[in-house]
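Biologist: Hey, I'm new to this one. Can you put it up on screen and walk me through the aromatic rings?

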Amino acid sequence: MKRLLSAFVLFSASVVSAAEPPPGFTALFNGRDLSGWRGGTTFDHRKLLEMPEAERAAQIAKWTATMSEVNAKTGRPHWYAEGDELVNDGFGSYATTIKDYGNIELRLDYQTVAGADSGIYLRGVPQIQIWDINQPNQEKRPDRTPNKGSGGLFNNSVGAPGRDPLVVADQPFGEWNQVRVIMVGSRVSVWLNNKPVVDHAILENYYDQKLPAPQRRPILPSGPIQLQTHGGEIRWRNVFVREIGAEESNRLLAAKGGEGFKTIFNGTDLQGWAGELDSVAVKNGAMVWQKGKSGVVYWTQELENLKARLLFKLSPGGNNGLAIRYPGTGRASYDAMTELQVLDDNYEKVRGKIDPRQAHGSAYGMVAAARGYQHPIGEWNFQEVTVDGSRLKVELNGTIILDADLSTVDLATVMEKKPHPGKDRKRGYFGFAGHDDPVEFKAVQIKPL
């Protein structure tokens, strides 16, 4: 967003300097006013970004104006600064960062009142739940279970990972609660008062939950942080954020769920691999595709179902692919179960138009993956692929960009209107399908299922 309303001054009972953020963090609340914040609500951020600039600015202005409206009972605005605390009376628009954030560590303290209900939106998506755990569960709303505690991803599907907190960690009323959040891709971990309450769970896209599964899209790669208003007073302080770069993101993702994986590329040579080996050089622990050379290189253990993990780095316009259940000969895109594309997300800017089913993570020519989740060119990307029967799942940098069942693909509707003979293949080899570009791979691991 290019132009947003300037911040307005909040009522302040006293002027107290905000606490200094920890090293590497930035304070989102300055202790005086809402500089850096705007109004917002439960609104699909994609739709906001799609608006013409003037319409978007008008909508934001409308939301922001409600924040300074005076509550007739208290004589104060809905949002105001009091000492080093940012206070909301339970009404008005949500405090929403003007800046959009991607991968972050967020820290904040909150204090609320009996019967209250609030939350923290990440990338504009609801929400890390905050509520009075002493209020009764609602019989007519079986999803509303305050007794399970705060900190869960309340708008995830009932029963989904992260939906309910792992433990009850709330402080007694009248005391401050400390929240720490790490978000990488769509994966969220939450600590409440230093106790883990959400462990590396996918934050579901609330705005697409009612759509049929094939039409659902993951949450955006970046969006605003929002502090929700929900009818009861809540106070915030020490609101700090730290942006997480690609290298740290990869480490955090690799540290989770690695049990049972076997390294299949030793970083020194191509022992255990077959195919067009002269297309690949090993440099600095990576498998580096040689510019101008193509062909499939594959690991020589045949498998049925598997998980694969790897890091890849692209050149501008770079093109490669993951050969899934490759038969040992032929083309990965047709003779294997599929070729999962490895492609620069900005390919069109370098080389020209492509079909959506050719974009990164797509089952080549058959099913399109979601786009926009790669790290910048020159940075390593972390990817995990699951092959289970006819189902394929691709998780890129912590976001699921493809979840497809190839048995449901109508070959009459595929990109080139011709059969993929390997689509229903039950076994085969895992490998890489090079396309003349210097794409790099390392930390290649396999886990048979």
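This is a predicted model: local features need pLDDT of at least 70, side-chain atom pairs count only at pLDDT 80 or more; totals for chains, interfaces and linings use all residues.

Biologist: OK, and how are the rings of Tyr298 and Tyr326 arranged as a pair?

Modeller: They're tilted, with 5.5 Å centre to centre and 55° between the planes.

Biologist: Which parts of the chain does that pair tie together?

Modeller: Tyr298 belongs to strand S18 (residues 294–299) and Tyr326 to strand S20 (residues 319–326), so the pair links parts that are 28 residues apart in sequence.

Biologist: How many aromatic pairs does the structure hold?

Modeller: There are 11 aromatic pairs. One of them is Phe430 with Phe432, an edge-to-face pair at 5.7 Å centre to centre and 75° between the planes.

Biologist: Are those two buried or exposed?

Modeller: Phe430 has a relative accessible area of 1%, so it's buried. Phe432 is at 0% relative accessibility, so that one counts as buried too. The cut-off for buried is under 20%.

Biologist: Switching topic: what sits over the ring of Trp191?

Modeller: That's the charged end of Arg180, 4.4 Å from the centre of the ring.

Biologist: And which ring does the charged end of Arg309 sit over?

Modeller: The ring of Phe261, with the charged end of Arg309 5.1 Å from its centre.

Technical notes:
Residues are numbered from 1 along each chain as its sequence is written. Side-chain values use heavy atoms; hydrogens and water are left out. Rings of Phe, Tyr and Trp (its six-membered ring) pair if their centres lie within 6.5 Å; planes under 30 degrees apart count as stacked, over 60 as edge-to-face and the rest as tilted. Helices (H or I, at least four residues) and strands (E, at least two) are DSSP runs, numbered from the N terminus. Buried means under 20% relative accessible area, exposed over 50%, partly exposed in between (1.4 Å probe, protein chains only). A charge sits over a ring if NZ of Lys or CZ of Arg is within 6 Å of the ring centre and within 35 degrees of the ring normal.
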